[in-house]
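Work through the exercises below with the model open. Each task is followed by a solution in steps.

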Amino acid sequence: MASKITLKELASILGVSISTISKALNDSHEISDATKKRIVELAKLHNYRPNKIALGLKSGRTNTIAVVIPSVQNSFFARALYGIESVISQTKYSTIVCLTKESHDKEVDNFDMLSNGVVDGFIVAVSEETQTLEDFSHFEDAINDEKSLVMFDRVIDSIPCTKVTTNDHTAISEATQGLIKANRKNIILLSAINNLNVGKQRTKGYQKAMADAGLTPIVLTSDRDGVANTLKEYIKNNPLDAVIALDTDASFASYKVARDLDKKIPQDMAVIGYVSERMAPYLAPELTTINQHSYTMGKTAATLLIEQLENKSNNDHSVVIDSTLSQRASS
């Protein structure tokens, strides 16, 4: 088996400078094709692999991007990641994926570790704990270190970076209006993401639509483990003919409670929710969903970050992806 070799040793064997070796391996036009061929063949023979981190520390560029997201178990982030990778795979850049598990400390650790010459930029969906604590100094530090930063879905308005979001406020407002037009009056909003900016925006959209129609908005919030029980206790003591569920946990909880209390969907209780478009048709009845187009959101975030890196600029603007209502049997 061929042994590994250093750049300095390659240069010594071939009788050329380290700079020539480096340029040849990067296919520089400054080096002749014959010399490139000799260098590439010898590097391959000795299993030479460049140290990207070391090169990055020297040049200031690693051609690596960090994607920092809460989870890949959540179908939204999994689809967004596919969208990001579909763009990055067509470029010279590679990706490092970091999962925060909704932890502020994990998010900070990832930024601290990767900002130190490991990556050129970040694509991030902000963790729940970071939003709750309102501690955003790690984002500010990354920008001060001249790292490009794009936030998607979960964004922080006060951070001067590019942001990719959906029209959460409008989408929920229009869904609520549709239920009202269908003569649903006791419409409940159910949320397990009330700590997140996206949850707050969706809640405002619902509240506005209800107020405009002269109806009383009822917002039920809980953590992920308690959301089903919160809805069940409300239904036992109050009239209800529709639920708008703001997240996957609340959507599944609505179906579970309807089954437990012998409520028929949509006859007794219409449901509009947020789950994967691939999953929604397999629920019984098929769930009407608000589709955030997470794949498109991921592609857009990646495209914007690449543009910033190539243009060596840090832009501060927002792109809004329109959500769409996928009407199915549950409403």
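**Exercise 1.** In which helix does Ile180 lie? Then state whether Ile180 is buried or exposed, and list its contacts beyond the local sequence.

Solution. The model is a predicted one.
- Step 1: Locate the residue. Ile180 belongs to helix 9, which covers residues 168-181.
- Step 2: Classify it. Buried means under 20% relative accessible area. Ile180 has 14% relative accessibility, so it counts as buried.
- Step 3: Find the contacts. With neighbours within four places in sequence left aside, Ile180 touches Lys185, Ile187, Ala209, Met210, Ala213 and Leu215.
- Step 4: Check one of these partners. Leu215 is 35 residues apart from Ile180 along the chain, and their C-alpha atoms are separated by 9.3 Å.

**Exercise 2.** Place Arg154 in the fold, classify its accessibility and identify a polar partner of its side chain.

Solution. 
- Step 1: Arg154 sits in the loop between strand 4 (148-152) and strand 5 (162-166).
- Step 2: Its relative accessibility is 4%, and therefore Arg154 counts as buried.
- Step 3: The Arg154 side chain makes a polar contact with the side chain of Glu102, at 2.8 Å.
- Step 4: Beyond four places in sequence, the contacts of Arg154 include Pro70, Phe77, Glu102, Leu196 and Asn197.

Notes:
Residues are numbered from 1 along each chain as its sequence is written. This is a predicted model: local features need pLDDT of at least 70, side-chain atom pairs count only at pLDDT 80 or more; totals for chains, interfaces and linings use all residues. Side-chain values use heavy atoms; hydrogens and water are left out. Helices (H or I, at least four residues) and strands (E, at least two) are DSSP runs, numbered from the N terminus. Buried means under 20% relative accessible area, exposed over 50%, partly exposed in between (1.4 Å probe, protein chains only). Contact means heavy atoms within 4.5 Å. A polar contact is a pair of N or O atoms within 3.5 Å; within protein, one must be able to donate a hydrogen and the other to accept it, and residues adjacent in sequence count only if both atoms are side-chain atoms.
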